Each structure stands twice: as C-alpha cells, then as structure tokens.
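Dear colleague,

Please find the structure that I am handing over to you below.

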Amino acid sequence: MIQAMTVYVRDAAVEVIHFIEICKLAQEIHNLRLELEQEGHPCYQGDSSALNESGMSRSKFQEKKDELQVVLADWKERVQEVRNEHPRLLMLDRRQLSQLIRGFFVLLSKVSNSPSPILSSQNIISFLLLVKGTNL
Amino acid sequence: LIVVGNTIPLTSAAPALQELEGLFGGLKSWQLEIFHVIHEAHDVIEFFREQHYEFDERSRMVTQEVQGYRFGSELVNYTIAVKDVIVQFLSLDRIEAETHWQVILTTFCKNIGQLLPVERKELDFKLKMIENVQLNIQEIRTYFSLRSSSGISIPFILQLMEQGVYQSQLQLHPNGQGMKNQPSLFPSFPPSHFNIQNLLFFPKNFGFRIVLEQGAHKGYLLRFWSR
C-alpha cells in the first residue's frame, strides 16, 4: 500500500496539468462547502458527499463551484435579511440558527404525517426559549 | 604464523590453526565463502550505500506494496534479510586509516561471524539470497525507488485519480473535515505505458488525501497520503 507520495510537477508537464486544475477546483468546492457549514446552512452540517461522478470534466467542476458560490452568497443574504427583520434571532449563533431551521423541517414533516404535531414541537422549543425568553 | 617454506611442522599446526582462526575472528572455513559472494555483489553494496538510513522505512512501504505478488515479495524479503550482513561491509567505509589491518580483519570477521549461520545449509541459503538480490538488483531498485513507486507510473496514478471521485467531508462529520480522492480502478482508456503489473500493485480499496502547493519555479508539489 502506498502510504505517502510527493510529486513535483513543473508547468511543462502537460499530462498532469488537467489533473491539477481539477484538483484545485475540487479543493475550492470543498472550501466553499466548509464555509456554508460554518455559516450554518442546514444542508451542509457534517455532510459527507461525493463532489463528482467518475470522469467528470473540468467544466462541470467549474459549474459546481459557481453554483456553490451563488448558494453561499444567497444564504448569507437571507440570514442577514431574517436577522434584520427579527433581531431577536441574533441571540442564536449560526449553528443554533441552523439547528432551529432543521427542527422546523422535522416538525413540518411530522405535521403532515402525525395527528398530534404539538408533541413534535419539542425539537424547537429550546431555541424559541432562547430567543423569546420565558414569555412564550 | 610459524611457517617454514611450504611446510608447517606438525607440532606447530595446531597453534598455527588456532592463531589463524583467531585472526579471522572465529569464522569457520566454510563461512569464508561470504567474501567470494560479496565480491560478486558490488551492486548490492552500492544499493545499500544509497539507501542509507531510509531503507527500513522504505522497506515497510515496499513490503506492503508487493503483498500478494510472490516474486516481488520474495525479493523484498531477501533484500531485508541480507541487509545486516551487507551493512557490516559498509561499516568498512568508516574505519580510521591508522587502525591496524589485523585489528580491522579480526573485528570485522567477528562481527560478520555473528550474523552468518554456522550450519552449512542455512549459510548456503543466506549466500543464495545475496546472489539473488544481486541478480535482480534492477527490480529491487525499482521497488525501493519512491519516484517510480514500485512500477506504478505517476501518469497512471494521476489518470486513475483524475477519473476518481472526490469525497468532501465537513467539519461536523464524526471523522472531521477532509477531502479525499477515491481513484477509479477502471480508467476509460489505459495510458500507453500501462501494463498488468500496475493493477497487481494497485490496492483495491484506497483513497488519497491531496495537498496542492504552489512550489518554486512555477511548479506544484502534490502530496498524497493514503487513508
């Protein structure tokens, strides 16, 4: 089993330039996903996903990167808007906000399936208590 | 030695033999065959001289790489098995010039005697191993060369990785964040230098962590670690 390998590649090594470009793009996509997780986006919390299918071209990687940049900018904007509109949400940090949103998702899914949604609302009570205090 | 002409008086044969044995550090006559074998194994000595302190670390990696490949596995095992004897010969490089030759010879033979089997059959096997390493030294050099990585060419690996899948794992994942490349074992087209040996060496289930660094001279350093 190969345990470690260091390869030095010069500009002239045409055969590996394509690999390096894709590798750089994959790293940038990974960094964007980390930032989305950091910003509290509920779809990127502790996620582990394949970035590509086998043999995906450089342009597809680029598309994926552009797409994630839009998602990140959009998410930041939405969070800012919501906080402007509901300043009490500033009491939740990004991760708590993300958990609150997840809690809502779970609650909504249970509402459609369960006759007693009140029991499921425990998922978000703790966050609401944080934001609203005891006067719920 | 007490030698008169071409003959030795019978009475002095026993002490002469004892003196001779002492001079050769207690080596048995059949163990002296090592000098003949070593004389023919100059490439092996040169190989260990080049490897220096890196041999042990590299041999651990190479041993794992050639697992399941009988010929390669035997060669690597032979190379590891003869190392201690060859290193004794390399120690002669470091002997100080003013040391008396008798001291050198006796000390050296004593050391080498401790490493060589006394039993004829075992000794012959050890000497055969050295001969075998000498005979296949080019193959062994390839195994131990980190640049060629046991016959897997870099373009071949890169092609597998290029067609592989990048797995991105985020910070809150139970195993922490990281990005790995799971190489494709079925490249869409084999490179021109492809040979079946590449696949024999290639582990079936592994992924690479990759770090891409902008190096000097507008090049890149790619560092890979297997998981």
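**Findings**

A:Gln38 lies in helix 1 (residues 14–38) of chain A; helices (H or I, at least four residues) and strands (E, at least two) are DSSP runs, numbered from the N terminus. This is a predicted model, in which local features need pLDDT of at least 70 and side-chain atom pairs count only at pLDDT 80 or more, while totals for chains, interfaces and linings use all residues. Residues are numbered from 1 along each chain as its sequence is written, chains are lettered from A and ligands numbered from 1 in the order in which they are written, and side-chain values use heavy atoms, with hydrogens and water left out.

**Confidence**

The predictor's confidence in each residue is given as pLDDT, from 0 to 100. For chain A the mean pLDDT is 75, and 65% of its residues reach 70 or more. Where pLDDT is low, the predicted coordinates should not be read in detail.

**Helix 1 of chain A**

A:Gln38 counts as exposed because its relative accessibility is 52%; exposed means over 50% relative accessible area, buried under 20%, and partly exposed in between (1.4 Å probe, protein chains only). Leaving aside neighbours within four places in sequence, A:Gln38 is in contact (heavy atoms within 4.5 Å) with A:Arg94 and A:Arg95. The C-alpha atoms of A:Gln38 and A:Arg94 are 7.5 Å apart, although 56 residues separate the two along the chain.

A:His30 is also found in helix 1 of chain A. With 2% relative accessibility, A:His30 counts as buried. Residues that A:His30 touches, not counting those up to four places away in sequence, include B:Ser168, B:Gln169 and B:Met179. The side chains of A:His30 and B:Ser168 are joined by a polar contact of 2.8 Å. A polar contact is a pair of N or O atoms within 3.5 Å; within protein, one must be able to donate a hydrogen and the other to accept it, and residues adjacent in sequence count only if both atoms are side-chain atoms.

**Helix 4 of chain B**

Which residues of helix 4 (residues 55–65) of chain B are buried? They are B:Phe55, B:Arg58, B:Ser59, B:Met61, B:Val62 and B:Glu65. These residues lie on the same side of helix 4 of chain B because they cover an arc of only 165° around the axis, taken from the directions from the helix axis to the C-beta atoms. On the other side of helix 4 of chain B, B:Glu57 and B:Arg60 are exposed.

Yours sincerely
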